[in-house]
Structures are given as C-alpha cells and as structure tokens.
Amino acid sequence: MTRTFLKIQVPLLFLVLLISVFVDRAHAPDVVIGFLLSFGFVLISIVVLERTWKLNDSAFLKAFWVSMLARFAGIIVLLVIIYGATKIDEIYFTVSFIISYLCHSITEMIFINKILKKGSNTV
C-alpha cells in the first residue's frame, strides 16, 4: 500500500513543484513545505495501517486512534513551531497544507476502501 501511495503522490509532488514555479518566488517554499508536511503525516498513517492491519479488531482500533491522536498533536506542534520560528506566509502555507492534506487523506481512504471491498486480510 505504501508503494502504491508513493506512486501516486510523488508525481503530485512534481506537480506542486511545477505550480510553485508560477507562484511568487517568496511564497513557493510555503507551498512546498505545506505539501511535504501533509504528505509526511499521511504517510505515517499508511505505515501504521500496514503494520496493524492484521491485528485483532480492538488492537487495530486502539493503534489507529492512538496514531491519529499522535499525528494530530504532531501537526499542532509543528504548525506552532513553523508559525513561531519562521517568517513563513501563513496564508500560502495554510492553504497549501489544508488542500494537500485533504488530497492525501482522500487517496488514503480510496486505498482503504479498495482493500475492504476485496475482503482482503492483507495490505
């Protein structure tokens, strides 16, 4: 599942890099950092999903919710650090982060849905 996710998201990264060429050069890093931050957190989710998929239901749900809480806390901490320690443009960064996080999350949900439809016990 990680490889498939990367096959889809790496070309999307190149698209973001291409789009950032057309954005004001001062704001291009904001867009790329927002994309990469969301990419990292969704990739962590996929790795957790792969490692816990074969566990029993209660163990899987516990690992899933703990990882979700940890990722949420990590996002909050990193956003506070980024906003406080850098001179990043909040609008460009926040919009690119939210849009790319939604895109990555939708891709993740599509993968999970395909696995569930197959009725597979493997990821």
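Reader: How do the axes of α2 and helix α4 (residues 90-118) cross, and within what distance do they come?

Author: Start with the general idea. Two packed helices are described by the angle between their axes and the distance between the axes. Here the axes of α2 and α4 cross at roughly 25° and come within 7 Å. An axis is a line fitted to C-alpha atoms, for helices over the stretch in contact, and angles run from 0 to 180 degrees between N-to-C directions. A caution on the source: this is a predicted model, where local features need pLDDT of at least 70, side-chain atom pairs count only at pLDDT 80 or more, and totals for chains, interfaces and linings use all residues. Residues are numbered from 1 along each chain as its sequence is written, and side-chain values use heavy atoms, with hydrogens and water left out.

Reader: Which word describes the direction of α2 and α4 relative to each other?

Author: Use the angle classes. Under 35 degrees is roughly parallel, over 145 roughly antiparallel, 65 to 115 roughly perpendicular, and the rest oblique. α2 and α4 are therefore roughly parallel. Their crossing is right-handed. Right-handed means the near helix is turned clockwise from the far one by less than a right angle; left-handed means anticlockwise.

Reader: At what angle do helix α2 and helix α3 pack?

Author: Helix α2 (residues 28-52) and helix α3 (residues 57-85) pack at about 165°, with axes 10 Å apart. They are therefore roughly antiparallel. The crossing of α2 and α3 is right-handed.

Reader: How many helices and strands does the protein chain have?

Author: The chain has 4 helices and 0 strands. Helices (H or I, at least four residues) and strands (E, at least two) are DSSP runs, numbered from the N terminus. The pattern along the sequence is α-α-α-α. The C-alpha atoms fill a box of roughly 50 × 30 × 15 Å along the principal axes.

Reader: What percentage of the residues is buried?

Author: Cut-offs come before counts. Buried is under 20% relative accessible area, exposed over 50%, partly exposed in between (1.4 Å probe, protein chains only). Of the 123 residues, 35% are buried. Val-80, in helix α3, is exposed because its relative accessible area is 56%. The C-alpha atoms of Val-80 and Thr-52 are 30 Å apart.

Reader: Which residues make the nonpolar surface patch?

Author: Leu-15, Leu-18, Ile-19, Val-21 and Phe-22 make a patch of about 520 Å². Patch residues have over 30% relative accessible area and no salt bridge; like charges are joined within 9 Å, nonpolar side chains (Val, Leu, Ile, Met, Phe, Trp, Tyr) within 5 Å. A salt bridge puts a side-chain nitrogen of Lys or Arg within 4 Å of a carboxyl oxygen of Asp or Glu. Areas come from the Shrake-Rupley method with a 1.4 Å probe; for residues, only the protein chains shown count as cover. Leu-15 lies in helix α1 (residues 2-22). At 42% relative accessibility, Leu-15 is partly exposed.
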